[in-house]
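Subject: Structure handover

Hello,

Here is the structure we talked about. Please open it and keep it beside you while you read the notes below.

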Amino acid sequence: MRADGKERAGGGAGGAAGGPSLRELLRVRGGGGRVDLGAYDPAATPGGPPDKTAGRAAAAELAEPLAGLQERLYAAATAGDRRRLLLVLQGMDTSGKGGTVKHVAAPFNPAGCRIRAFKAPTPEEREHPFLWRVEKALPRPGEIGIFDRSHYEDVLIARVRELVPQDTVERRYGEINAFERSLAEDGVTLVKVFLHIGYEEQRERLLRRLDRPDKYWKFDPGDIEERRMWPAYRKAYELVLERCSTEAAPWYVVPADRKWYRNWAVGRLLLEHLEEMDPRYPPAAFDIEACRARLIAG
């Protein structure tokens, strides 16, 4: 993805003009190559609609196909299909994880959608390996799961705040890759999204929270201290993107300064993955005509 955001292949799968899919535009290539978030413009709109109005309209148009694919995925599970999808959202404070969850989950039937926001580990969770609480929250066959923060906090804040020894953090990258590979082998499609917000945009969003009484509850004075750790968090995210963007579970960097683009892009990524999964309604396991005849007769 170019830092100036000039890729505009169009909004559909494969691009409106036959260009690359959004997955191709936003994917972080694995292999251990260095990732420099400074090369990614957080205000860019790669592959997206031309402006806010068009972006909101395009995002709204995703609702019906997303809902249809979710229903097919849920239905397929009743016939033994073990596949499911897990959306992982990570990003700096105010990058819009909660807002993205609210937007992308709106078309889904709650019965087939499992949402989990991860906070600081509880005393019980600290007594177990760091992946224990994540395993308990995974989507079941046929479901779409959404994580607001995730197991990556254990190599992000744990690294920045030195909550565990450095060698423990280093070991966790490999454990995460092995864990995600096992999920993929068991039918989980992972869509890992880093919401990339700019430093100045974060300041503006925090200030707006102080301007509105209805947003005070979202502000924590500790956010100011966390903001001072921006360079350390940026480095921690770069290491995550370098070491944990694998063939089985790649990372996608979504510019998040423009909320309309962020919402459209995450919805578009979900749609592209679900279309590739192509879940099918299961065939009838009963005699259709016989059942029809009985209903007509009675």
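Helices (H or I, at least four residues) and strands (E, at least two) are DSSP runs, numbered from the N terminus. The model is predicted, so local features need pLDDT of at least 70 and side-chain atom pairs count only at pLDDT 80 or more, while totals for chains, interfaces and linings use all residues. Residues are numbered from 1 along each chain as its sequence is written, and side-chain values use heavy atoms, with hydrogens and water left out.

Aromatic rings

A pair of aromatic rings is described by the distance of the centres and the angle of the planes. Rings of Phe, Tyr and Trp (its six-membered ring) pair if their centres lie within 6.5 Å; planes under 30 degrees apart count as stacked, over 60 as edge-to-face and the rest as tilted. By this rule there are 6 aromatic pairs. One of them is F194 with Y237, a tilted pair at 4.6 Å centre to centre and 35° between the planes. F194 belongs to strand β4 (residues 188–196) and Y237 to helix α11 (residues 230–243), so the pair ties together parts 43 residues apart in sequence. F194 and Y237 are both buried (under 20% relative accessible area; exposed is over 50%, partly exposed in between, with a 1.4 Å probe and protein chains only).

Y261 and W264 form another tilted pair, with 5.8 Å between centres and 45° between the planes. They are 3 residues apart in helix α12 (residues 259–277), which means that about one helical turn separates them. Y261 is buried with a relative accessible area of 0%, and W264 is buried at 2%. Together with W260, Y261 and W264 form one aromatic cluster.

Two arginines also sit over rings. The rule is that NZ of Lys or CZ of Arg is within 6 Å of the ring centre and within 35 degrees of the ring normal. R172 lies over the face of F130, 4.7 Å from the ring centre, and R227 lies over the face of Y199 at 3.7 Å.

The sheet

Two strands pair if DSSP finds at least two bridges between them. An open sheet of 5 strands runs in the order β2-β3-β1-β4-β5, with parallel pairing. Its edge strands are β2 (113–117) and β5, each pairing on one side only. β1 and strand β3 (residues 144–148) are joined in the parallel sense over 5 bridges, and V88 has F147 in β3 as its bridge partner. β4 and β5 run parallel and are joined by 5 bridges; the partner of K192 in β5 is W251.

The cores

A nonpolar core is a set of buried Ala, Val, Leu, Ile, Met, Phe, Trp, Tyr and Cys residues joined through side-chain atoms within 4.5 Å. The largest has 38 residues, of which F147, Y152, L241 and W251 touch the most other members. β1 (84–91), α8 (166–185), β4, α11 and β5 (251–255) each supply at least two residues of this core, and α11 gives the most, with 7 residues. Apart from this core lies another of 35 residues, among them L22, A105, V193 and W260.

Regards
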